[in-house]
Amino acid sequence: MLDKIKINELIDIVGSSNVLTDPSELMLYSYDATQLHRVPDLVVIVHSAEDIAKIIKFARKNNINVYPRGSGTNLSGGSIPADGGIVIELNRLNRIIDIDIENRIAIVEPGVIAATLDSEVAKKGLFYPPDPGSLAVATIGGCVSEGAGGLRALKYGTTKDYIIGLEVVLPNGDIITTGNFSSLRSSPGFDLTHLFVGSEGTLGIITKIAVKLIYPAKTKKTLLVLYDSVVKAGTAVAKIIENKIIPSTMEFLDKITINAVEDFKKIGLPRDIEALLLIEVDGEPEDVETSAKILEKVCMDVGARSISVAKNDTERMELMEARRAALPVLARLKPTTILEDATVPRSKVPQMLEKIHDVQDRYNLMIGSFGHAGDGNLHPTILVDRRNKEEMKKVDMAIKEIFNYCIELGGTLTGEHGIGIVKAPFMEKEFKKEGLSFFRDIKKALDPDNKLNPNKIVCTKEVHLDYI
Amino acid sequence: MTTSNVNSLPLIEGYYEEQIIRCMKCGMCQSTCPVYYEDSLETGCARGKLALSEALLHGKLEPNHKIEMIFNKCLLCHACAQACPVGLSPDKVFAAARAEMVKRYDMPWIKSIIYRKLLGEGKLSSLTGVLSLANRLKLFSLARSLSIPKMLGKSVERLSFVDLPDIPSRSFMDRFPEILEPKSKVIGDVGYFVGCAQNSVFQDVAEASVNVLLSLGYRVIIPKDQGCCGFPHYGAGDFETLKQKIVQNSSAFKKYKLDAIIISCATGGSGLKDVYPEMTKEDNINTLGAKVYDISEFLAEKHLDDLKKMMPKNIKEKEKVTYHDACHLNRLQGVFNQPRELLNIMPSYEFVEMENSTKCCGEGGGFTVYYQDISTSVANRKRETIKNTGAKVVALGCPGCRAQISGALKQERLNIDTKHTVCLLWDEIKKGKGQ
Ligand SMILES: Cc1cc2nc3c(=O)[nH]c(=O)nc-3n(C[C@H](O)[C@H](O)[C@H](O)COP(=O)(O)OP(=O)(O)OC[C@H]3O[C@@H](n4cnc5c(N)ncnc54)[C@H](O)[C@@H]3O)c2cc1C
Ligand code: SF4
Ligand code: SF4
Ligand code: SF4
């Protein structure tokens, strides 16, 4: 697709060691954490916004698609070069440009790993709350582009709530700055910053990010609550919020997940419970104590079987282990793990779970569910063997049912994992014809040739992706 | 594209196929991979190499030199396995994939001389003969001058050869009898697995190990017909020689009735404890006749109190010592606390932790040859963390790390010693005896 002369043009821009052409290397930039893949025609490693602008102009001139890529850990096919073209590898743009303690703002390049930003700001006594499970490997650019959430989203919000300014290379090669890099006041006019946050690399490539920081809470308290029924656990979640308590974390595990945790970690959870909640409150010491007391009472009133409260940091970590282990232990049950991201209003969590259990029984699939109960964000995790074609067909149907019901309940397709390519077909269901057409208009206005990460969020062409 | 590779890739079928197919491409392995840390390329981390294995398995790529080099781009340090939520051991897949590559292309000639001729043939006791001959023939300096990197167009010095001592003319096994009796009452019979590096180059480690065991009252048996552990062959993908080594060592040690087999080489220890069971599908008691212990594991778990009594008294000046965790000791054998416990009872030393003590030193066998720049920069990071402790001695438990780290320290002319934990321990016991 790309001939030698054209490749040489790219080599002139970034140097030969930054253009990957060998089929074996191209294979390694073909996938993301969906495990689906499509081999790109070329991978270009960039070191600056200017490099990117040049490559975008080159691609446009030559009618080639371009796909930005961070660490490739997204769960929706967002970074897969689904329709062929060039993958732009962004993880060398990895400088932390400034951590401004006085104004509590950090300015970073997109390739900085989220955990690195976390620990660097912590060294300065500040706190960057978004904490996706992939913190240790995901890039900030990827997190901004996906609007990544995490365990602390209930109280602190997601990545969306912390981005105050961006530098973006537009699909026409122009480099613009949005929002404000030096103060928390937003700039006038359209909120351009948030047009790009969560846009999954379809509207522009982010090359600089300003995030706001906060002060960390002084103390934390963690509770592990066991329930005999999912409905009771769901009711507890609603009641806690009604009592005006916003825990920093309120996580849920279902029976299959709990049993898997016991199988592999043996932390002493009863195998017959239907649900557990892991709740953490943080803040000023007195407030935390009062909140914890109220929490205990509410959970008991709703009919908890038992509650454990961590007395110190070690115990806190032990209780947390149940939640941390959820995905790893499920992933050990079967060769293939398909992690979904259905999100419903908080009060509808029990109904959604009932539906998931019903789907599981009817299709005879193994589905373990866990997630951020506090904001209705569930991760039904389908466990299969992808070599079994029959089973995979059932998975497709099961996912469709789960999503349709999720939207019926007033929920959304994705709480934090993005639309990418795998959920694009469901967009119309959620946004209706008019809504989707507005998405299309925006995409067209910014990227009239549809060259930047085409087919993601807004589906323009049917493409088939497969496992390697 | 064909799928015909499948039949000719038997070693990555079955167990290996499961490992490959189970990778959920989450990328968590990037967070701990020392190679990925250096160049942030997907070829560095486990996910990339597993994807490559998968593509080979499904006939989407054909094996070639480039792919062989990507499989070589791994320190086999097992750090990815520790981060992997699915509990995979990607390093084992790569070792197996290398085996396939070896079968297909045979090995580069220099590797084949070092591994097959020198370590593969015959018994350890005759090995130093070969090695010193090799020395005379300048075979090692040939390796030192690095034909392979030269072939690759590079000419940097291999770090782990910088500070390599000259190889003595007689091997450890030539110098010591097969059975050594303790001066005191016999409290048990232990077998000692010498390992090539300690039989030839680092004989001080073998001597210290045997002496400490004798001081405790063990009869120490050093079977003359033992061979190399086979780990280098495993790492280079030469499974045929590995199998021969297992058979040879099994017969050498099973001749005796032993309470334990002790080894003071981290790599050899993981060979015996980790690779053998994987190959034989049975435990060490069946294969070798007794449970295998790393020397620091054995001493700290069974004899810490006895050793405390043997320590010198009234030591006024303490020297700072830090400890580097060899991947093959910490991750593959789970030996972490034990060497620290030993260091902490030594009155002449004050133990200080270095930052990232468990991070690989960048040795990784053939890796140093193929990816010298990465190897060197991994080692340089290690050197910096060592420097920051202010320690005068780095204790460790692996000949590979010792060569690499002492090389890195030497290059900056730092006055920091690199010693096996058991050598420090034996020095202390000698001091105590003299009092
Ligand atoms: C084990 C595991 C746990 C996870 N847990 C969570 C979780 O708790 N919460 C959560 O929200 N997500 C989670 N994720 C999903 C994923 O990690 C996040 O979406 C993450 O933010 C992706 O970052 P990345 O660097 O890997 O981006 P990539 O996957 O490389 O890219 C993501 C998208 O952003 C685009 N992109 C990347 N960089 C840029 C840029 N600079 N400019 C423009 N577009 C760009 C890509 O084209 C793609 O569409 C998890 C994933 C895994 C594997
Ligand atoms: S074994 Fe070590 S070097 Fe090799 S892929 Fe795993 S972490 Fe990286
Ligand atoms: S951590 Fe394990 S499952 Fe995840 S990509 Fe790496 S090897 Fe695969
Ligand atoms: S690993 Fe140890 S025993 Fe095995 S060959 Fe090397 S030095 Fe010898």
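**Strands, rings and a pocket in a predicted model**

Let's start in chain B. Strand β2 (residues 188-193) runs parallel to β3, and four bridges join the two. Strands here are DSSP E runs of at least two residues, helices are H or I runs of at least four, and both are numbered from the N terminus. Two strands pair if DSSP finds at least two bridges between them.

A word on the source. This is a predicted model: local features need pLDDT of at least 70, side-chain atom pairs count only at pLDDT 80 or more, and totals for chains, interfaces and linings use all residues. Residues are numbered from 1 along each chain as its sequence is written, chains are lettered from A and ligands numbered from 1 in the order in which they are written, and side-chain values use heavy atoms, without hydrogens and water.

Back to β3(B). Which residue stands opposite V190(B) there? V220(B) does. L180(B) also stands opposite V220(B). Strand β1 (179-180) of chain B pairs with β3 (218-221) in the antiparallel sense, over two bridges.

Now chain A. Five strands form an open, antiparallel sheet in the order β6-β7-β10-β8-β9. The edges are β6 (96-100) and β9 (175-179), each pairing on one side only. From one strand to the next, the twist averages 10°. Inside the sheet, β8 (163-169) and β10 (205-212) of chain A pair over six bridges. There, L166(A) has I209(A) as its bridge partner.

Helix α3 (49-61) of chain A touches β8, β9 and β10, at about 50° to β8(A). α4(A) touches β6, β7 and β10 of chain A, at about 35° to β6(A). Contact means heavy atoms within 4.5 Å. Axes are lines fitted to C-alpha atoms, for helices over the stretch in contact, and angles run from 0 to 180 degrees between N-to-C directions.

Next, rings. The whole structure has eleven aromatic pairs over all chains. Why is the pair Y128(A) and Y162(A) edge-to-face? Because the centres are 6.0 Å apart and the planes stand at 75°. Rings of Phe, Tyr and Trp (its six-membered ring) pair with centres within 6.5 Å; planes under 30 degrees apart are stacked, over 60 edge-to-face, the rest tilted.

Last, the lining of the second largest pocket. By class, the lining has 14 nonpolar, twelve polar and nine charged residues. Nonpolar means Ala, Val, Leu, Ile, Met, Phe, Trp, Tyr, Cys and Pro; charged means Asp, Glu, Lys and Arg; the others, Gly among them, are polar.
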